[in-house]
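The coordinates come from a predicted model.

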Amino acid sequence: MNEASTIARNDSTRVLEKLRREAVGLDAHYPVAGGGERRRTYLDSSASTLRLSIVQEVLDRYQPHYANTHSTLHYAARVSTTEYDWAHRVVLEFTGADPVNWMCFFTGSGATAGMNRVARTLRRARPERDMVVTSMMEHHSNDLPHRKHFPEVVHIASESSSDALGCVDLARMREVFEQHGARINYVAITGVSNVTGIVNPIHEIAALAHRHGALIVVDAAQMAAHVPIRTSGHADPARDLDVVVFSGHKVYAPGSPGVVVARRELFASTEPEEVGGGMVDTVWQDRYTVSAGFPEREEAGTPNVPGAIGLAAALYTLQQVGMATIAAEESELMSYALAQLAGVPGITLYGATDPKVCVRTGAVTFNLEGCEHGFTAAVLNDYFNIAVRNECFCAHPYVREMVTISLEDSADGLSNDELELLAQQRRGMVRASFGIYNTRSDVDALVAALHSITARKDELLALYDRLPNGDFRHRTFSFDCANAFSVRGAVDELLGV
Ligand SMILES: Cc1ncc(COP(=O)(O)O)c(C=O)c1O
């Protein structure tokens, strides 16, 4: 290793250490059921990451210069427009997309808004191809938009080995292409599962789709924070990605601006789905001409400028560490988490855990024997101040599939219908998910808490009521949100009223 690369690596480690210490809310304290309060262990980054304090600081510095980007003359409008344009360039750089042939635009609420726009546009742009291929692993946001806009959507199951599911089954996907290749508009596939953290082979899927004239649309909502994205520039251009979608709240930025990165030609051939101010050149009473340029064409209305700037600040910050460095660090944390969790008595870990079978990043899901997921998550929160998510993570088919597999061993004698009913009743699990601020000590805290829950299960169960919706409520301990924060309380205090 030469001196320059050693310095670069040291720098990247230093920046990463700084970011780790300074995420907003990392040291939040809340009261716990055992008495007193505890520092929170945040293990819910797959839902939303904490924002980086550096991003917050950048936004605070920007606020005095905030103006509408559709005003172009005055100084603050020029600052806002310049930075908003820069935000687009950073998104393209971060996703490794060549700006000559790819463009990006911001959408409304999260990756969901982006995916809906993509489905509607590609349906109209390529009407002769009326089928979408997706996987069983998908978040509903990368499933329902395709179902809504296409007459047929094929869901490919995951590979299965030693009773655990791995990444999407490529052999099955090849068969579907052999059978329906000419009808398939695109493959919509997640880069990283929000349930198991399993990483899919998106570039192999791209090559397969392109051989049949289909496109690949990657849901990068989970991928963006954990794994480098390389949209274009592969030695074999068939491995390039056509569309990549993600959103700010999962990459350490505030709010949820959605982003679509796409080949220009795909969005240039049809009129944009959204129309209004900012995307037209001239409007007469009986007609209008749509701007030829991107991102204007796809960004009708006043954009969420602070959202885009916050997202760009976060992506630029991550680039200073290097996504390869982040991926390597997180891979180490994931191996540690899987090994430690495997030692908890009565735990079921979902998805393949052998790294030779599939790579995983960012999330682990599990259940404890004899504990409903709602109970485990409630005790982790109430007694240990460990923030996790439970239930189905907006991925019902995938969770049902994994729960069914885990029940099969103990379900001898049940018919398929009975097994399905049982899986539906037991549907749900607990997810611990990680961001750059998590360390081995957070995993240790989780594992110690799970050991304690297992050991004291009966005693703890007696302290909770099970509500009809499956949530568990402590009988004597309760948390009053207003003691932590309320908008009204904050405004009153600031006004001195
Ligand atoms: C894999 C995946 N895709 C899509 C989404 C939807 O993203 P958003 O909430 O930004 O619309 C999520 C959110 O959890 C996700 O995890």
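In this predicted model, an open sheet is formed by 7 strands, which follow one another in the order β4-β12-β11-β10-β9-β5-β6, with pairing that is mixed. The edges of the sheet are taken by β4 (102–109) and β6 (152–156), each of which pairs on one side only. From one strand to the next, the twist averages 20 degrees.

Within this sheet, strand β10, which covers residues 215–219, pairs with strand β11, which covers residues 243–247, in the parallel sense and over 3 bridges. One of the residues of this pairing is V217, whose bridge partner in β11 is V243. In general terms, the strands of a sheet pair through backbone hydrogen bonds, and they do so in either a parallel or an antiparallel manner.

A helix also lies across part of the sheet: α6 (residues 170–180) lies across β5 (131–135), β6 and β9 (184–190), and runs at about 155 degrees to β6.

At the level of domains, the chain is divided into domain 1, made up of 3–50 + 322–484, and domain 2, which spans 55–320. Taken over C-alpha atoms, the centres of domain 1 and domain 2 are separated by 28 Å. To the contact between them, domain 1 gives 36 residues and domain 2 gives 33 residues. On the side of domain 1 that touches domain 2, the elements that give two or more residues are listed below.

| Element of domain 1 | Residue range |
|---|---|
| α1 | residues 3–21 |
| α10 | residues 323–342 |
| β16 | residues 363–368 |
| α12 | residues 396–408 |

For the chain as a whole, the secondary structure comes to 17 helices and 21 strands. The radius of gyration is 24 Å, which is close to the 23 Å that the globule rule gives for 497 residues, so the chain is as compact as a globular protein of that length. Taken along the principal axes, the C-alpha atoms fill a box of roughly 70 × 70 × 60 Å.

Two further values describe the packing and the contacts of the chain. Of the 497 residues, 42% are buried, and, among contacts with a separation of 6 or more, 72% are accounted for by residues 24 or more positions apart.

Notes: Residues numbered from 1 in each chain as written. Predicted model: local features only at pLDDT ≥ 70, side-chain atom pairs only at ≥ 80, totals over all residues. Pairing = 2+ DSSP bridges. Helix = DSSP H or I, 4+ residues; strand = E, 2+ residues; numbered from the N terminus. Axes fitted to C-alpha atoms, helices over the stretch in contact; angles between N-to-C directions. Contact = placed C-beta atoms within 7 Å. Domains from an automatic or database assignment. Rg over C-alpha atoms; globule rule 2.2 N^0.38 Å. Buried ≥ 20, exposed ≤ 12 C-beta atoms within 10 Å, placed from the backbone.
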